[in-house]
Amino acid sequence: MPATLAQLLARPELDLTLLTAPGVGDPETLVPWAHSSELPDPTPFLSPGQVLLITKAPDEIDDYVARLAEHGVAALGFGTEVVRAGTPDALLEACTRHGLPLFEVPYRTPFIAIARFIADRVAADAYARSTWALRASRAISLAALRPDPLAAVLTELARQIERPVALIGADGALDRVSPSGAVSAASREALVAAADPLLRSRRRAAGSVVTEAGAFALQTLGAAGRLRGVLAIGSEGLDPAAQQVVTGVVALAGLALEQSRATDAARARLRTSVWRALIAGERALAESVAEPVLGPLPEAPVRVTVLAGTALTAAADWLESHSDGFFARDGQELVLVESDAGDPSATATGPAAASRFDLRGGTSAPSALADLPTALAQAEVARQRATPKAPVPSFDDVAAAGMLALLQTPDARAVAQTALAPLTTADPALTDLLRTWLDSDGVYDIAARRLGIHRHTLRARVAEAERLLGRDLSGFAARADLYAALRATA
């Protein structure tokens with residue numbers, strides 16, 4: 001590391017003499033550079049931690065020293081026998097008062113010798129850190145060749161930088177921590193909470209969080225749209241050399257996770273094949289294929305949930321560790337089959353996945369495995385009723401709303417508007433009149449009282465509507481068709 005103030009003062013060839021008392025300033029302050037200046041205010045050209053060298057006392061000594069101390073100058077060196085013999089007492093008193101170490105530089109010691117000593121230490125430190133970074137990177141690269149490359153890489157990184165390293169998986173759960181036990185339960189929760197918005201964004205991103213175990217830097221792993229996880233690395237006090245090593249590990253960790261993509265793709269294709277076998281009625285085949293790899297199929301009765309959106313792949317990755325049922329990707333849809341025979345208070349994963357990944361879908365009524373095609377059709381019907389407030393409606397609710405609720409679709413509304421166009425063009429008030437008349441079961445006396453008009457006037461208005469529509473409204477079928485059109489445009 002760079003030289004400390006104490007090491008600088010201890011160099012015998014420099015023959016520097018500390019004039020202030022030992023308790024003034026911090027002798028262990030790292031000194032990155034020494035600068036000489038005779039300006040009345042050199043602080044704009046100095047960085048905190050540097051040593052300032054002068055050969056004459058300034059005019060306003062107290063203000064001068066106060067500015068240096070406030071700026072963070074590590075120490076002030078006074079060169080004697082250049083302008084005057086010895087160091088001014090007023091300068092010593094001001095440095096003592098403001099807590100700024102003051103040392104005397106003899107005439108035979110050039111300022112450049114002090115600067116060179118500090119520069120040599122900085123260069124030596126930079127070389128040592130670069131050498132360490134190369135050795136650490138080599139050790140981490142060798143770890144990547146072990147049977148479990150990801151675990152080996154993270155363990156070696158934690159050992160090299162002497163800080164904890166954690167991996168949060170694509171499902172948002174803490175996958176592993178190195179070294180084991182280095183992070184408390186509260187810190188684990190904080191890391192998971194901080195990683196969650198990065199995973200939800202589905203974009204490459206970085207972040208940070210402060211926990212009981214210290215500060216952590218967060219970096220997503222994987223490609224945009226299909227993140228493989230978040231790497232959390234203890235970042236407190238990391239220098240550029242350590243950060244360089246960390247950057248390499250982020251690439252290695254991402255590569256190690258990407259290597260599992262072929263296996264994931266094969267597993268996804270297996271799920272799709274099992275689902276299509278179930279839909280085709282080949283249950284025995286589906287169970288025999290699924291059992292060894294995916295586990296047993298859900299117990300009947302089951303509910304089928306269909307989800308659609310732009311983040312189906314990320315949702316499928318999440319479901320791998322969050323769903324107890326069966327799921328599969330089929331074209332542009334994600335299908336879940338979950339048992340409805342268990343705990344009624346258990347939370348279905350379909351709505352949870354829809355909320356997390358901004359998907360829309362629908363859920364069927366309880367069904368037997370043999371009736372999956374019907375359940376799938378029900379889920380598709382429910383999906384058409386999805387809204388931002390209810391992203392995954394249930395077919396139970398759709399069925400409870402009755403047949404007329406199915407008219408609230410864009411297609412039905414377009415047909416209804418065309419059918420009612422003659423009325424709305426001639427007299428827009430006719431649609432409200434006809435709606436009241438039909439809601440009154442076609443009884444003229446009741447409808448007329450509700451409308452506040454005479455029943456003969458109402459009969460004349462209905463007859464006018466019949467003429468405009470070109471149909472007789474005395475029969476039930478014609479009235480039902482008109483009522484459906486009025487409901488669709490309501």
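**Exercise 1.** With which residue does Arg303 form a salt bridge, and how far apart are the closest N and O atoms?

*Solution.* Before we start: this is a predicted model, where local features need pLDDT of at least 70 and side-chain atom pairs count only at pLDDT 80 or more, while totals for chains, interfaces and linings use all residues. Residues are numbered from 1 along each chain as its sequence is written, and side-chain values use heavy atoms, with hydrogens and water left out.

Step 1: A salt bridge is a side-chain nitrogen of Lys or Arg within 4 Å of a carboxyl oxygen of Asp or Glu.

Step 2: find the partner. Arg303 pairs with Asp340, and their closest N and O atoms are 3.2 Å apart.

Step 3: Arg303 sits in strand S11 (residues 302-308) and Asp340 in the loop between strand S13 (333-339) and helix H11 (349-357), so the pair ties together parts that are 37 residues apart in sequence. Helices (H or I, at least four residues) and strands (E, at least two) are DSSP runs, numbered from the N terminus.

**Exercise 2.** Which helix holds Asp396, another salt-bridge partner of Arg303?

*Solution.* Step 1: check the pair. The side chains of Arg303 and Asp396 meet in a salt bridge at 2.9 Å, N to O.

Step 1: locate it. Asp396 lies in helix H13 (residues 395-400) and Arg303 in S11, so this bridge links parts 93 residues apart in sequence.

Step 2: look at accessibility. Buried means under 20% relative accessible area, exposed over 50%, and partly exposed in between (1.4 Å probe, protein chains only). Asp396 is partly exposed, at 32%, and Arg303 counts as partly exposed at 21%.

**Exercise 3.** Which residues touch the most other members of the largest nonpolar core?

*Solution.* Step 1: know what to look for. A nonpolar core is a set of buried Ala, Val, Leu, Ile, Met, Phe, Trp, Tyr and Cys residues joined through side-chain atoms within 4.5 Å.

Step 1: pick them out. Of the 23 residues in this core, Trp132, Leu157, Ile161, Val165 and Leu231 touch the most other members.

Step 2: see which elements contribute. Those giving two or more residues are helix H4 (111-143), helix H5 (149-161), strand S6 (165-169), strand S10 (226-234) and helix H7 (240-258). H7 supplies the largest share, seven residues.

Step 3: zoom in on Ile161. Leaving aside neighbours within four places in sequence, Ile161 is in contact (heavy atoms within 4.5 Å) with Trp132, Ile233, Gly234, Leu238 and Ala242.
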